[in-house]
Amino acid sequence: MMGNAKSRAEEVIARCKQLADFSEDRGSIRRTFLSPPMHDCHREIIRWLVASGARVAVDAAGNLRGFYPGAQADAPRILLGSHLDTVPNAGAYDGILGVVIAVALLESLEGRRLPFAIEVAGFSEEEGVRFGTPFIGSRALVGTLDEKLLNREDANGISVREAIRNFGLNPADIPHAVLSEEALAYLEFHIEQGPVLESLGRPLGAVEAIAAQTRMEFVFLGRANHAGTTPMHLRHDALAAAAEWIVAVERTANSHPGLIATVGKIEAKPGATNVIAAEARVTLDVRHKSNEVRDGAADGLIRMAEEIAARRGLSLDQRILLSQRGVPMDPFLVEQIQEAIRSTGSQPHRMTSGAGHDAMILAEQVPAAMIFLRSPGGISHDPTESVEVEDVAKALECGLHLLDQLANSSEFQKRMCRA
């Protein structure tokens with residue numbers, strides 16, 4: 001099987017590179033929600049799906065959906081998928097690899113029918129680039145693509161609703177995109193987008209949770225004055241306060257296992273070399289698999305910012321930009337993924353995803369789980385993003401083992417009976 005898996009892995013990588021050519025930008029990859037290159041992307045994937053024996057449709061939210069029948073006409077289904085959109089100046093594998101692997105798994109079945117059907121989902125949007133909000137595609141499947149989101153406009157004043165129409169689809173049909181009651185599970189292959197698996201020397205990881213996330217903005221407000229004539233003890237330096245707090249953020253994250261805290265942006269005003277900063281605006285990103293740990297850390301960092309500002313004679317403004325609860329993956333599916341990874345001769349690693357994924361949206365409706373592939377150099381959202389042929393081969397082997405395990409699992413058969 002390994003030789004066949006390696007050959008298919010090489011084809012998977014070649015297909016990802018082929019789809020990378022469908023871009024809004026010359027010389028780099030950018031494919032946003034229902035932009036013209038998405039038509040080209042759909043065309044190629046549809047060709048592969050049809051050849052594998054799947055029926056294909058594009059739903060009203062622009063999601064590409066291929067249906068591979070089960071052994072019985074009324075068999076319930078599992079979903080395999082990921083997203084087809086990208087960030088600007090993207091790599092060739094984030095999102096798209098999961099869709100292409102799903103297609104390759106159908107091809108590997110070579111017409112064999114399982115007790116369940118398989119639906120391949122290529123989501124139209126996950127990154128949030130065009131409309132400033134993520135998961136438009138997967139939200140349609142769980143019924144949360146509402147009027148407010150449909151009316152949201154991009155930088156050119158085009159709404160989500162208009163973008164759907166411009167792509168040749170009818171927004172009125174969005175309710176038909178919702179998952180049917182016979183959906184059993186959602187499984188997503190995705191590059192890790194981080195360095196953990198590479199540091200451990202492991203090709204695959206079993207995602208047990210998608211991290212809770214808080215994003216905030218803090219504004220330290222002091223007093224501008226001449227840098228050469230104001231003594232140090234008489235200053236109200238907003239930038240110095242922000243710097244002290246940034247160090248505290250790093251120290252807090254290092255003292256709590258699994259906690260990630262990042263200050264990714266800082267702006268100082270008036271921004272002159274010889275003027276004490278009157279204002280320092282900074283962002284905060286806090287993540288942990290536990291909502292309680294995330295909330296506790298965020299609250300603690302707010303108190304630290306308030307204490308630092310007060311001690312330095314400054315005022316502080318703050319606002320929450322995003323508060324996203326952590327999403328545990330389905331325990332049964334995570335165990336099955338670990339077993340499938342072992343069947344490839346690899347040692348599985350249970351891990352938390354620090355990034356958001358479509359799986360966290362689908363988990364609102366169906367049991368969901370993810371398989372991570374090692375990211376060489378830990379690089380993603382960059383043209384140098386890559387995958388190893390051997391790791392993709394392991395992922396394909398893992399996927400086939402996983403499908404067979406679920407097909408022969410008494411626990412999963414009980415789920416099928418309840419569907």
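# Cores, rings and helices in a predicted model

The largest nonpolar core has 108 residues. Those with the most contacts inside this core are Ile45, Phe116, Ile118 and Phe412. Helix H3, residues 96-109, supplies the largest share of the core, with 11 residues. Keep in mind that this is a predicted model.

Take Ile45 as an example. Which residues does Ile45 touch, leaving aside its neighbours within four places in sequence? The contacts are Leu19, Leu64, Leu84, Ile96, Val99 and Val103. Another core lies apart from the largest one. This other core has 23 residues, among them Ala241, Val286, Ile302 and Leu314.

## The aromatic rings

The count of aromatic pairs comes to six.

| Pair | Distance between ring centres | Angle between planes | Kind |
|---|---|---|---|
| Phe116 and Phe412 | 5.7 Å | 80 degrees | edge-to-face |
| Phe332 and Phe412 | 6.3 Å | 15 degrees | stacked |

Why is the pair of Phe116 and Phe412 edge-to-face? The planes of the two rings stand at 80 degrees, and planes over 60 degrees apart count as edge-to-face. The rings of Phe332 and Phe412 have planes at 15 degrees, so this pair is stacked. Here the cut-off is under 30 degrees.

Where do these rings sit in the chain? Phe116 is in the loop between H3 and strand S4 (117-123). Phe412 belongs to helix H13, residues 410-418. Phe332 lies in helix H10 (residues 331-343) and Phe412 in H13, so their pair ties together parts that are 80 residues apart in sequence.

Phe116 and Phe412 are buried. Phe332 is buried too. Phe116, Phe332 and Phe412 form one aromatic cluster.

Charged side chains also meet rings. Arg15 lies over the face of Trp48, 4.3 Å from the ring centre. Arg113 lies over the face of Tyr68, and here the distance to the ring centre is 4.6 Å.

H3 has 14 residues. From its first C-alpha to its last, H3 reaches 21 Å. That is close to the 20 Å expected at 1.5 Å a residue. How many residues of H3 are buried? The count is 14 of 14, and the helix is mostly covered. Glu110 follows H3, and its phi is positive, near 50 degrees.

H10 has 13 residues, which should span 18 Å at 1.5 Å a residue. The end C-alpha atoms of H10 are 19 Å apart, which agrees. The buried residues of H10 are Phe332, Leu333, Val334, Gln336, Ile337, Gln338, Ala340 and Ile341. What do they pack against? Their partners are strand S5 (183-191), strand S6 (204-210), S13, strand S14 (368-373), helix H12 (389-407) and H13. Gly345 follows H10, with a positive phi near 90 degrees.

## A serine in strand S13

Ser353 lies in strand S13, residues 350-353. Is Ser353 buried or exposed? Its relative accessible area is 2%, so Ser353 is buried. The cut-off for buried is under 20%. A polar atom of the Ser353 side chain lies 2.7 Å from the backbone oxygen of Ala355. Leaving aside its neighbours within four places in sequence, Ser353 is in contact with Val207, Ala209, Ile210, Ala211 and Phe372.

## Backbone details

The peptide bond from Lys269 to Pro270 is cis, with omega near 10 degrees. Pro270 lies in the loop between strand S9 (266-269) and strand S10 (279-288).

Asn89 is not a glycine, although its phi is positive, about 55 degrees. This residue is found in the loop between strand S3 (77-83) and H3. Asn89 has a relative accessible area of 39%, so it is partly exposed.

His381 also has a positive phi, near 55 degrees, in a residue other than glycine. His381 lies in the loop between S14 and H12. Its relative accessibility is 37%, so His381 counts as partly exposed.

Methods. Residues are numbered from 1 along each chain as its sequence is written. This is a predicted model: local features need pLDDT of at least 70, side-chain atom pairs count only at pLDDT 80 or more; totals for chains, interfaces and linings use all residues. Side-chain values use heavy atoms; hydrogens and water are left out. A nonpolar core is a set of buried Ala, Val, Leu, Ile, Met, Phe, Trp, Tyr and Cys residues joined through side-chain atoms within 4.5 Å. Buried means under 20% relative accessible area, exposed over 50%, partly exposed in between (1.4 Å probe, protein chains only). Helices (H or I, at least four residues) and strands (E, at least two) are DSSP runs, numbered from the N terminus. Contact means heavy atoms within 4.5 Å. A polar contact is a pair of N or O atoms within 3.5 Å; within protein, one must be able to donate a hydrogen and the other to accept it, and residues adjacent in sequence count only if both atoms are side-chain atoms. Rings of Phe, Tyr and Trp (its six-membered ring) pair if their centres lie within 6.5 Å; planes under 30 degrees apart count as stacked, over 60 as edge-to-face and the rest as tilted. A charge sits over a ring if NZ of Lys or CZ of Arg is within 6 Å of the ring centre and within 35 degrees of the ring normal. The expected span of a helix is 1.5 Å times one less than its number of residues.
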